[in-house]
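Have the model open while reading.

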Amino acid sequence: MAVGAEDTETWKINNPGDSNWMDGADAVGRTRVERITALRDNYTALGIDVTLDIVPGVGHRGTGVLDAVRAFAERVLPRVV
């Protein structure tokens, strides 16, 4: 899991009635950082091994977390020659 530490805007995800709204999602956090942290904690409580990287200085921008994603992949995926 990866999220930007500055991914704290709420207007896109706290919008009841909009097409991306899920009832109950707001109960685990208002921001994406809070929600993914709650998801990580839930997975861990269920015995699922999970890694969460909260990337400093990055907002809601997928390319901003690519270095964390690459580092994770390099740790867990075998090298193919």
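## Terms and model

Buried means under 20% relative accessible area, exposed means over 50%, and partly exposed lies in between (1.4 Å probe, protein chains only). Helices (H or I, at least four residues) and strands (E, at least two) are DSSP runs, numbered from the N terminus.

This is a predicted model: local features need pLDDT of at least 70, side-chain atom pairs count only at pLDDT 80 or more, and totals for chains, interfaces and linings use all residues. Residues are numbered from 1 along each chain as its sequence is written, and side-chain values use heavy atoms, without hydrogens and water.

## Helix 1

Helix 1 covers residues 32-45, 14 residues in total. Its first and last C-alpha atoms are 20 Å apart, close to the 20 Å expected at 1.5 Å a residue. The expected span is 1.5 Å times one less than the number of residues. Gly-47 follows the helix, with a positive phi near 85°.

Buried in helix 1 are Arg-32, Val-33, Arg-35, Ile-36 and Thr-37. The helix's buried residues pack against strand 1 (2-4) and strand 2 (53-55).

Arg-32 sits in helix 1. Its relative accessible area is 18%, so it is buried. Contact means heavy atoms within 4.5 Å. Beyond neighbours within four places in sequence, Arg-32 is in contact with Val-3, Asp-7, Glu-9, Lys-12, Ile-13 and His-60.

Arg-32 and Asp-7 form a salt bridge, with the closest N and O atoms 3.0 Å apart. Asp-7 lies in the loop between strand 1 and helix 1, so the pair ties together parts 25 residues apart in sequence. Asp-7 is buried too, at 4%. A salt bridge here is a side-chain nitrogen of Lys or Arg within 4 Å of a carboxyl oxygen of Asp or Glu.

## Other salt bridges

The structure holds three salt bridges. One joins the side chains of Arg-40 and Asp-41 (2.7 Å, N to O). Arg-40 is partly exposed at 25% relative accessible area. Asp-41 is partly exposed at 40%.

Another joins Arg-70 and Asp-67, with the closest N and O atoms 3.4 Å apart. These two are three residues apart in helix 2, so about one helical turn separates them. Arg-70 is partly exposed at 47%. Asp-67 is exposed at 60%.
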